[in-house]
Amino acid sequence: MKDELKYDVVIIGGGTSGCACAYNCAKKGLKTLLIEKNNFLGGLMTAGLVIPVMKSSIEDINCDYYNKLIDTAKKYSAQITYKDKNDGWLNPELLKIVLEDVLNFDNLEILFETTVSEVKKNSDHIKSLVLNSGLLSVPIEAKHFIDATGSAEFSIQCGCELLHDNDMLQQNSLRFILGNVNIEEFCHFIVQVDSNEDITNTYRNERDTNNKLHFTTACTWDSNKTWALDKYLIKGVEDGILKDTDRAYFQLFSVAGGDNQVAFNCPRINNYKNNPFMYSRELINAKRAIWRLYNFVKRYFPGFQNAIITNIATQTGIREQNRVKTKYIFKKDDMITSKSFDNPVLKANYSIDIHSDKKDGSILQKTNSYELPIESLISADFENLYVIGKILGAEFEAQSALRVQKSCMSMGEAIAKYIAKNKI
Ligand SMILES: Cc1cc2nc3c(=O)[nH]c(=O)nc-3n(C[C@H](O)[C@H](O)[C@H](O)COP(=O)(O)OP(=O)(O)OC[C@H]3O[C@@H](n4cnc5c(N)ncnc54)[C@H](O)[C@@H]3O)c2cc1C
């Protein structure tokens, strides 16, 4: 094998956690290869249209990558800071350019449109891979392998054990973006109909550095809150424009650097992770729901009269699919009791957040601050395999809090630093 095909670290998946890991591996001088099946980076942040990076950490540990990402996004006018001081509002399309700038290192190579076709291993060690890049087979050797696929596809290929502690399936979402919205007109309307700033958050009299107004607003069919928008959604159902299930979860945000764009964190669809036919039918249902929601906002919300559909996510918003057995399984109890660990990966307080398919069945449970141990990212089956992002070794409820983007980024960063310090 030629020397240039030997790496210190190979990362499979160039999404939220994988990019953070690649950045930190490269910064630590490790010869790094990042493999991504799309022709751009970002995963759910770009292909899934998931915004914003939720404010989750209570202490800035393992946030070097996040800070670099925000600074770089500012240079491309792809970021705004909300008045709650969350600076994680990013433009999903521009991020494709921003991320390649952030990951521009001589010792980091990126292979796009590439997946793993073969894994060579012994009982506790992964030795090498054969990659499938376009029509070419590329053999690769590395000391360390990182699964950042979001689905645990690589760990499954390696034969790792998965966690099965809960039969509940969280709802998926297929996000979309509308353009040509008159944001000023909609903001004027929304602050008049909804004065609850926990739900509807607009700049009101504040503007971003580009002199633009921004907003977020939401409505669900859960009855634990009074939702000001519900009467419009109910009217939409009565008028035959919406289905009742379209009321399940309805959330909108203006887009950083996306002039006159509004991003939707909906529609939600059922999660048939073990049935590819049902899964695909749900994706057809999702597009039908997008068409209904689009016609609904055009008719009922001032500012949306001339809206157009500009983006439908090319990656389904899967909140939880597979979690991998690691050296330590992080428990809901560890989270609730704020258990401390040596060398924590992150310190966060994002809530347990489970999207149920049942009316009033979703859970948003506040937590105190919690720490995550590095052992929840180290495979129980192979000594040189690590899992980062939403596939970490955590119980179902704990994963529902840890899956947010900033925590996923800290996981990638912590593993890169761990390898650089202890393993090379
Ligand atoms: C609907 C929805 C809404 C959310 N809302 C928020 C929010 O508002 N704020 C927040 O902070 N978090 C939110 N989250 C959570 C967060 O976005 C994700 O949990 C997080 O981005 C997951 O990061 P990841 O690195 O695990 O996966 P991803 O970002 O999905 O990255 C996985 C990458 O691996 C690539 N890949 C997959 N398989 C292979 C393969 N075999 N070979 C090569 N590449 C491969 C994919 O193309 C992708 O680029 C939301 C999640 C969902 C689903």
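1. Let me start at the ligand: one of its oxygen atoms is 3.4 Å from an N or O atom in the side chain of asparagine 38. Please keep in mind as you read that this is a predicted model.

2. Proline 52 deserves a point of its own. A polar backbone atom of this residue is 2.6 Å from a nitrogen atom of the ligand. The peptide bond that joins isoleucine 51 to proline 52 is cis, with omega at about -5°. As for its setting, proline 52 sits in the loop between β2 (32–35) and β3 (57–59).

3. Proline 267 belongs to the loop between β15 (262–264) and β16 (268–269).

4. While you are checking the backbone, have a look at asparagine 180. Its phi is positive, about 60°, although the residue is not a glycine. Asparagine 180 is found in the loop that runs between β11 (176–179) and α5 (183–193).

5. Now to the domains. The domain assignment of the protein gives domain 1 as 3–167 + 320–422 and domain 2 as 172–312. Taken over C-alpha atoms, the centres of domain 1 and domain 2 are separated by 28 Å.

6. How much area do domain 1 and domain 2 bury between them? The value is about 2,300 Å², with 50% of it on carbon and sulfur atoms. On the domain 1 side, Leu49, Tyr82 and Lys83 supply 28% of the area buried against domain 2, more than any other three residues. In terms of contacts, 27 residues of domain 1 meet 30 residues of domain 2.

7. The polar side of this interface is worth a look too. Across the interface of domain 1 and domain 2 there are 10 residue pairs in polar contact, both residues being at pLDDT 80 or more. On the side of domain 1 that touches domain 2, β4 (79–80) and β5 (89–90) each supply at least two residues. The residues of that side divide into 10 nonpolar, 10 polar and 7 charged. The count of salt bridges between the two domains is 1.

8. The side chains of lysine 273 and glutamate 320 meet in one, at 3.9 Å from N to O. In the structure as a whole there are 21 salt bridges. Aspartate 8 and lysine 143 also pair through their side chains, at 3.2 Å from N to O. Because aspartate 8 lies in strand β1 (residues 6–12) and lysine 143 in strand β9 (residues 136–147), this pair ties together parts that are 135 residues apart in sequence.

Note on methods
Residues numbered from 1 in each chain as written. Predicted model: local features only at pLDDT ≥ 70, side-chain atom pairs only at ≥ 80, totals over all residues. Heavy atoms only, no water. Domains from an automatic or database assignment. Contact = heavy atoms within 4.5 Å. Buried area = accessible area lost by both parts, 1.4 Å probe. Salt bridge = Lys/Arg side-chain N within 4 Å of Asp/Glu carboxyl O. Polar contact = N/O pair within 3.5 Å; in protein donor to acceptor, adjacent residues only side chain to side chain. Helix = DSSP H or I, 4+ residues; strand = E, 2+ residues; numbered from the N terminus. Nonpolar A, V, L, I, M, F, W, Y, C, P; charged D, E, K, R; others polar.
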